[in-house]
Amino acid sequence: ADRLDQVKSLISSHPDFPKPGILFRDIFPVFRNPKVFRHLIDLLCEHVKTAVPKAEVIIGLESRGFLFGPMMAEQLGIAFAPVRKAGKLPGKCRSVSYSLEYGTDKFEIQDESVKPGQSVVIVDDLLATGGTMKAAVELLEGLGAKVDECLVVIELKDLNGKAKVTKPFHSLIHY
Ligand code: 5GP
């Protein structure tokens, strides 16, 4: 089958996780199959090479963005930097607060992760309401980076999170 179909066939769905009414999409089954995992990394990298050929840094969002962001960066021959929940990164950091369904959370990035004007691609496993990606865009722009793409494996279309992401956006798979 088509590589994308192979990836899609290994994404499982869990009703009422982590809360009643949520249909959770799980990408971990992909990682149990090295051939399909390789296809996923290749598809993501091929997209970046076409859409953002001059990308300089891959930014991965905690925590599932850490699963493939570094592999992409290595394959593309560019840098990787993490965005983490507040209090986990040493050195000088910039932070941004964002609202969740209940309460708020805070994201941080090390100031030295990107230089002003550098072209970055932000990656995560899934876009739902878009709040997480929006916060990451704010954080990176605060550091002077050029956010040339926001890239996710899965997009939940019904939630229209894409509208919150004011940057070029791409998803491999959508539901
Ligand atoms: P948003 O801020 O777009 O509402 O939520 C996206 C964030 O929540 C992402 O970091 C993503 O990892 C996580 N998330 C929300 N729903 C799901 C889901 O169904 N499956 C997975 N794997 N992650 C989810």
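**Backbone features and the ligand site**

Good morning, colleagues. I begin with Ser-63, which lies in the loop between β3, residues 57-61, and α4, residues 65-76. Please bear in mind throughout that the model under discussion is predicted.

Pro-18 belongs to the loop that runs between β1, residues 12-15, and β2. The loop between β1 and β2 also holds Asp-16. Although Asp-16 is not a glycine, its phi is positive, at about 60 degrees.

A further residue of interest is Asn-160, placed in the loop between β8, residues 146-155, and β9, residues 169-174. Asn-160 is likewise a residue other than glycine with a positive phi, in this case near 50 degrees.

I turn now to the ligand. Which residues are closest to the ligand? They are Asp-124, Asp-125, Thr-129, Gly-130 and Thr-132, within a surrounding set of 13 residues. Sorted by class, this shell comprises 5 nonpolar, 4 polar and 4 charged residues.

As for the elements involved, at least two shell residues come from each of β2 (23-26), β7 (119-127) and α5 (131-142). The largest share is that of β7, with 4 residues.

Thr-129 places a polar side-chain atom 2.5 Å from an oxygen atom of the ligand. For Ala-128, a backbone N or O atom lies 2.9 Å from a ligand oxygen. For Gly-131, a backbone N or O atom is 3.4 Å from an oxygen atom of the ligand. How much of the ligand does the protein bury? Taken alone, the ligand exposes 500 Å², and the protein buries 83% of that area.

The next topic is the pocket. The ligand takes up the space of the largest pocket. The volume of this largest pocket is about 1100 Å³. Its lining consists of 35 residues, and those nearest the centre of the pocket are Leu-100, Leu-126, Ala-128, Thr-129 and Thr-132. Two or more lining residues are given by each of β2, β5 (93-99), β7 and α5. Which element gives the most to this lining? The answer is α5, with 6 residues. By class, the lining of the largest pocket divides into 17 nonpolar, 7 polar and 11 charged residues.

To close, I return to Thr-129. This residue is among the closest to the ligand, and Thr-129 is also one of the lining residues nearest the centre of the largest pocket. Thank you for your attention.

How values were computed: Residues are numbered from 1 along each chain as its sequence is written. This is a predicted model: local features need pLDDT of at least 70, side-chain atom pairs count only at pLDDT 80 or more; totals for chains, interfaces and linings use all residues. Side-chain values use heavy atoms; hydrogens and water are left out. A residue is near a molecule or strand if one of its heavy atoms lies within 4 Å of it. A polar contact is a pair of N or O atoms within 3.5 Å; within protein, one must be able to donate a hydrogen and the other to accept it, and residues adjacent in sequence count only if both atoms are side-chain atoms. Accessible areas come from the Shrake-Rupley method with a 1.4 Å probe; for residues, only the protein chains shown count as cover. On a 1 Å grid over the protein atoms alone, a cavity is a set of points where a 1.4 Å probe fits but cannot get out, and a pocket is an open set with protein on both sides within 12 Å along at least five of seven lines; lining residues have an atom within 4 Å of a point. A molecule sits in a cavity or pocket if more than half of its atoms lie within 2 Å of its grid points. Ala, Val, Leu, Ile, Met, Phe, Trp, Tyr, Cys and Pro count as nonpolar, Asp, Glu, Lys and Arg as charged, and the others, Gly among them, as polar. Grid points are joined across faces, edges and corners, and a volume is the space filled by probe spheres set on the points.
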